[in-house]
Amino acid sequence: MKQVFCKLSGAYFLKTVLVSVCVCLSLWTSALANATILRSQVFPLDSLMKEPHDSLVVHKIKPVFSLDFRNSTFDYQPVSIWGFNAGIAYGPKEHHVTLGYYWLGYFAEKRLSNLRKNEAIQADASYYNKNDFWFVSLIYWRNILFSERWIVSIPLEVGGGMVNVMPHDVKTDQTIGRSHRDFFVPAQAGVYGQWKATRWIGLSAQVGYRYAVFHTDVKQHFTGIYYSVGAVAYPELFHWVWNRVIHKKKKVYY
């Protein structure tokens with residue numbers, strides 16, 4: 001049992017470190033993106049004013065990064081899927097092209113394991129299966145609306161992932177036999193909306209559908225809807241904190 005616990009703890013430790021690194025990268029890319037829009041004119045702190053449109057303006061390619069936590073289903077059970085994606089934004093509407101990595105949330109995996117174990121006990125079975133999955137996804141975010149306060153996007157995704165099936169003894173909870181992995185190709189499409197409340201923070205929501213267009217021997221039901229509601233922190237917030245709070249500057253220039 002200690003060996004199994006150490007393996008699981010090690011896996012989640014690596015994922016935790018990975019998320020921490022992603023947060024640091026998010027702050028760095030936010031600062032980098034903010035540096036490209038610095039202006040010498042001072043606007044009110046809650047202003048959402050933008051520069052006048054000019055057909056000769058060159059729209060630079062910007063780095064983008066975001067954490068993406070979704071609610072979804074796995075094998076007909078509600079689960080949380082954790083993820084992050086990074087890529088670029090381009091064009092006047094700042095369409096995104098990102099590469100994302102997603103995996104089953106810790107508490108969702110634990111709840112599924114307990115459910116499988118209870119089902120095995122009731123059926124007087126000698127073992128139960130623990131499941132885990134992860135997948136990478138190439139995402140194209142087509143912005144159909146891009147204004148000062150609103151963004152409405154159509155994210156289209158296709159990727160590849162693995163489902164891990166690990167047999168465990170009901171009584172000892174130790175791994176028995178050999179675990180195996182199944183490959184699948186998820187395709188996803190949805191709608192994403194974002195409201196910019198101030199130049200610092202906003203709200204977002206998304207809903208979509210995931211379908212496994214190809215799989216090897218995935219017995220679990222992977223197809224289903226996904227949705228999420230969250231908050232958005234914009235680069236101006238980190239820039240303001242950096243100047244006004246850390247460096248104690250009286251004025252912040254954008």
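Please bear in mind that the model is predicted.

I begin with the salt bridges, of which the count comes to 5. In one of them, the side chains of Glu 94 and Lys 62 meet at 3.0 Å, N to O. Glu 94 sits in the loop between strands S3 and S4 and Lys 62 in strand S1, so this pair ties together parts that are 32 residues apart in sequence. Glu 94 counts as partly exposed, at 22% relative accessibility, and Lys 62 is likewise partly exposed, with a relative accessible area of 22%. The C-alpha atom of Lys 62 is also separated by 5.1 Å from that of Ala 89, a residue 27 positions away along the chain.

A second salt bridge joins Arg 70 and Glu 157, with the closest N and O atoms 2.9 Å apart. This pair links strand S2, which holds Arg 70, to strand S6, which holds Glu 157, across 87 residues. Both residues, Arg 70 and Glu 157, are buried. Together with Asp 68, Arg 70 and Glu 157 belong to a network of salt bridges.

A further salt bridge, between Arg 116 and Asp 75, has its closest N and O atoms 2.6 Å apart. Here helix H2, with Arg 116, is linked to the loop between S2 and S3, with Asp 75, 41 residues apart. Arg 116 is buried because its relative accessible area is 14%, below the 20% cut-off.

I turn now to the surface. A nonpolar patch, including Phe 183, Val 207 and Tyr 227, has about 870 Å² of accessible area together. Strands S7, S8 and S9 each supply at least two of its residues, and S8 gives the most, with 5. Tyr 227, in strand S9, is partly exposed, with a relative accessible area of 42%.

Key. Residues are numbered from 1 along each chain as its sequence is written. This is a predicted model: local features need pLDDT of at least 70, side-chain atom pairs count only at pLDDT 80 or more; totals for chains, interfaces and linings use all residues. Side-chain values use heavy atoms; hydrogens and water are left out. Patches are made of residues with over 30% relative accessible area and no salt bridge: like charges are joined within 9 Å, nonpolar side chains (Val, Leu, Ile, Met, Phe, Trp, Tyr) within 5 Å. Accessible areas come from the Shrake-Rupley method with a 1.4 Å probe; for residues, only the protein chains shown count as cover. A salt bridge is a side-chain nitrogen of Lys or Arg within 4 Å of a carboxyl oxygen of Asp or Glu. Helices (H or I, at least four residues) and strands (E, at least two) are DSSP runs, numbered from the N terminus. Buried means under 20% relative accessible area, exposed over 50%, partly exposed in between (1.4 Å probe, protein chains only).
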